[in-house]
Amino acid sequence: MSSNTTTSEVTSFDKGRRVYHWAAAVLVLLMILGGFTMTRATSTIHFGVGIIVLALMVLWLAWRAGHPRPDFLPMPRWQQILATSVHHLLMLTVTLQAIFGLMMISFHEKSINAFWVIPLHIVQNDTLHDIGHEAHEINAFIICGLLVLHIGGALYHHFIMKDATLTRMKSGNA
């Protein structure tokens, strides 16, 4: 699809957007679960997946510039604003979460590896480590709240409004 396509010409979510959405959903939910239940043994996987999430977020932001999202289905303007706000905040907070996590481990007192082999430690800096740690922790709860709004909105449209909002993200059909 060319970057000249306007959103009014797009009626359903394309396969690339759907695949990315569900892959990101699985990774973010696994990262939240892993973050709240992390052990020394699982931390190296959490750190590695965090780097993958950061790379995916950067690629996603670049990709979506040339791939407009479809128009909203008919709904009140306040719901469109809320949906857009929650979506943009999710994109921002998930990207920042990976950055805060990288900041936390890059300046940790010990050398830390992702996937047991990729060194992430730069230099010990307790101040930057502590800022990254606090921001990572607070941001995790913000992401959880945004996910409740996002998933709740999708379920509201599917079960209460009985419209195709969720179906378009599952199958691409409006």
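Val 86 is found in helix H3, where helices (H or I, at least four residues) and strands (E, at least two) are DSSP runs numbered from the N terminus. This is a predicted model, in which local features need pLDDT of at least 70 and side-chain atom pairs count only at pLDDT 80 or more, while totals for chains, interfaces and linings use all residues. Residues are numbered from 1 along each chain as its sequence is written, and side-chain values use heavy atoms, with hydrogens and water left out.

Val 86 has a relative accessibility of 6% and therefore counts as buried; buried means under 20% relative accessible area, exposed over 50%, and partly exposed in between (1.4 Å probe, protein chains only). Apart from its neighbours within four places in sequence, Val 86 is in contact with Leu 146, Leu 149 and His 150, contact meaning heavy atoms within 4.5 Å. Val 86 and Ile 143 are 57 residues apart along the chain, and their C-alpha atoms are separated by 9.9 Å.

## The chain as a whole

The protein chain has 5 helices and 2 strands. Read from the N terminus, the elements run α-α-α-β-β-α-α. Taken along the principal axes, the C-alpha atoms fill a box of roughly 55 × 35 × 25 Å.

Of the 174 residues of the protein chain, 36% count as buried. Among contacts between residues at least 6 apart in sequence, 72% join residues at least 24 apart.

## Helices H2 and H3

Helix H2 covers residues 40-64 and helix H3 residues 77-106; they pack at an angle of about 140°, with their axes 9 Å apart. Axes are lines fitted to C-alpha atoms, for helices over the stretch in contact, and angles run from 0 to 180 degrees between N-to-C directions. H2 and H3 are therefore oblique to each other: angles under 35 degrees count as roughly parallel, over 145 as roughly antiparallel, 65 to 115 as roughly perpendicular and the rest as oblique. The crossing of H2 and H3 is left-handed, a term used if the near helix is turned anticlockwise from the far one by less than a right angle, with right-handed used if clockwise.

On the H2 side the contact includes Phe 47, Leu 54, Trp 60 and Arg 64, and on the H3 side it includes His 87, Met 91, Ala 98 and Ile 105. The residues of the contact of H2 with H3 divide into 12 nonpolar, 4 polar and 1 charged. Here Ala, Val, Leu, Ile, Met, Phe, Trp, Tyr, Cys and Pro count as nonpolar, Asp, Glu, Lys and Arg as charged, and the others, Gly among them, as polar.

## Helices H1 and H4

The axes of H1 and H4 come within 11 Å and cross at roughly 135°. That makes H1 oblique to H4. The crossing of H1 and H4 is left-handed.

H1 contributes His 21, Val 28, Leu 29, Ile 32 and Phe 36 to the contact, and H4 contributes Ala 140, Phe 141, Ile 143, Cys 144, Leu 147 and His 150. By class, the residues of the contact of H1 with H4 are 9 nonpolar, 2 polar and no charged.

## Aromatic pairs

Rings of Phe, Tyr and Trp (its six-membered ring) pair if their centres lie within 6.5 Å; planes under 30 degrees apart count as stacked, over 60 as edge-to-face and the rest as tilted. By this rule the count comes to 3 aromatic pairs. The rings of Tyr 20 and Trp 60 have centres 4.1 Å apart and planes at 5°, so this pair is stacked. Tyr 20 lies in helix H1 (residues 15-36) and Trp 60 in helix H2, so the pair ties together parts that are 40 residues apart in sequence. Both Tyr 20 and Trp 60 are buried.

Phe 36 and Phe 141 form a tilted aromatic pair, 5.4 Å centre to centre with 55° between the planes. Phe 36 lies in helix H1 and Phe 141 in helix H4 (residues 126-160), so the pair ties together parts that are 105 residues apart in sequence. Phe 36 is partly exposed, with a relative accessible area of 46%, whereas Phe 141 counts as exposed at 53% relative accessibility. Ring pairs also link Tyr 20, Trp 60 and Trp 63 into a cluster.

## Two loop residues with positive phi

Trp 116 lies in the loop between strand E1 (113-114) and strand E2 (118-119). Phi of Trp 116 is near 70°, a positive value in a residue other than glycine. At 56% relative accessibility, Trp 116 counts as exposed.

Lys 162 lies in the loop between H4 and helix H5 (165-170). Phi of Lys 162 is near 55°, which is positive in a residue other than glycine. Lys 162 counts as exposed, at 63% relative accessibility.
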